Amino acid sequence: MTEPKKVVEIKNLDLTFNKGKKGANKAINNVSLDIYEGETFGLVGESGSGKTTIGRAILKLYDNFITGGEILFEGKDVRNLKGSELREYRSEAQMIFQDPQASLNGRMRVKDIVAEGLDANGLVKTKAERDARVLELLRLVGLNDDHLTRYPHEFSGGQRQRIGIARALAVKPKFVVADEPISALDVSIQAQVVNLMRDIQAKENLTYLFIAHDLSMVKYISDRIGVMHWGKILEVGTSEQVYNHPIHPYTKSLLSSIPSPDPISERQRTPIVYDPTAELDGQEREMREITPGHFVFSTEAEAEVYKKNATL
Ligand SMILES: Nc1ncnc2c1ncn2[C@@H]1O[C@H](COP(=O)(O)OP(=O)(O)OP(=O)(O)O)[C@@H](O)[C@H]1O
């Protein structure tokens with residue numbers, strides 16, 4: 001079997017905000033992570049754990065804060081991209097934001113919002129070509145001709161997120177960072193947007209980094225999941241491994257905090273409290289493979305225990 005192609009490779013990334021100043025914050029601490037072509041990699045963890053910082057670092061928004069390691073996109077260090085390669089990368093890697101209300105310019109018509117990337121990158125030559133491409137994008141996200149000349153405030157939250165998705169897709173990206181794309185939406189429409197993103201992924205062969213702190217939905221969209229805490233990745237595995245066979249105590253605690261839709265299981269649910277002091281005991285830890293493809297941040301001794309328990 002051939003090894004799937006890596007679109008993004010993060011190697012030993014360190015990132016510090018306000019380095020050397022008061023309030024310095026090592027937001028990312030020696031993180032390594034691969035994202036394969038066509039997959040959805042879900043990044044979960046509580047607020048402030050560093051998920052958004054990783055997404056934004058991949059998109060070169062935090063180049064100046066990186067203090068170590070590298071980020072490769074299709075094998076090239078994104079910090080070294082220049083000229084036409086850099087311009088190309090700006091189209092190849094896009095972002096969908098959490099709050100469609102805040103991320104869309106309220107004074108622009110939908111067709112101009114969606115066409116922003118087309119215009120900025122000179123991707124369409126005539127007005128007719130521009131209109132046709134915008135309409136194609138709107139239809140792809142389930143909107144239509146009537147919506148072209150309207151303004152964002154005339155849409156529901158879910159529709160606005162569809163506009164944000166169309167805007168990101170306009171430049172034909174290969175890779176999309178979706179930063180909590182459904183958290184601001186009503187629960188009733190979250191699944192619609194997730195399904196839309198999946199359909200589009202299959203059609204356009206997209207690779208997603210899907211950032212979420214709502215674990216219940218990320219399970220359905222992600223092929224693999226990384227669990228973050230305090231700037232580190234503590235566990236990585238397939239969605240099935242992380243949800244059904246969690247190993248790290250932090251992952252177990254996160255999962256135990258998800259309310260169950262079934263009243264009987266909800267009554268039986270006991271939240272597990274995570275004690276983070278173990279992370280501060282000064283012992284050397286690294287990502288160790290416990291079962292094939294399932295990695296946990298651990299000491300050698302912890303990994304032995306995890307392995308033994310995994311085979312029981
Ligand atoms: N531009 C910035 N300047 C200084 N500190 C920052 C900046 N952006 C993020 N941080 C800090 O870096 C840490 C990681 O933040 P980040 O936004 O990546 O977390 P997150 O897991 O995405 O959280 P959330 O779910 O709340 O978005 C936090 O301590 C945050 O306060």
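## Basis

The model is predicted; local features need pLDDT of at least 70, side-chain atom pairs count only at pLDDT 80 or more, and totals for chains, interfaces and linings use all residues. Residues are numbered from 1 along each chain as its sequence is written.

## Nonpolar core

The largest nonpolar core has 72 residues. Such a core is a set of buried Ala, Val, Leu, Ile, Met, Phe, Trp, Tyr and Cys residues joined through C-beta atoms within 7 Å. Buried means that 20 or more other C-beta atoms lie within 10 Å of a residue's own, exposed that 12 or fewer do, and partly exposed lies in between, with C-beta atoms placed from the backbone. Among the residues with the most contacts inside the core are Val44, Ala178 and Val227.

## Helix α5

The 14 residues of α5 (residues 127-140) should span 20 Å at 1.5 Å a residue, and the end C-alpha atoms are 20 Å apart, which agrees. The expected span is 1.5 Å times one less than the number of residues.

Val134, Leu137 and Leu138 are the buried residues of α5. Seen down the helix axis, they fall within an arc of 100° (taken from the directions from the axis to the C-beta atoms), so they line one face. On the other side, Ala128, Glu129, Ala132 and Arg139 are exposed. Gly142, with a positive phi near 85°, follows α5.

Terms used:
Helices (H or I, at least four residues) and strands (E, at least two) are DSSP runs, numbered from the N terminus.
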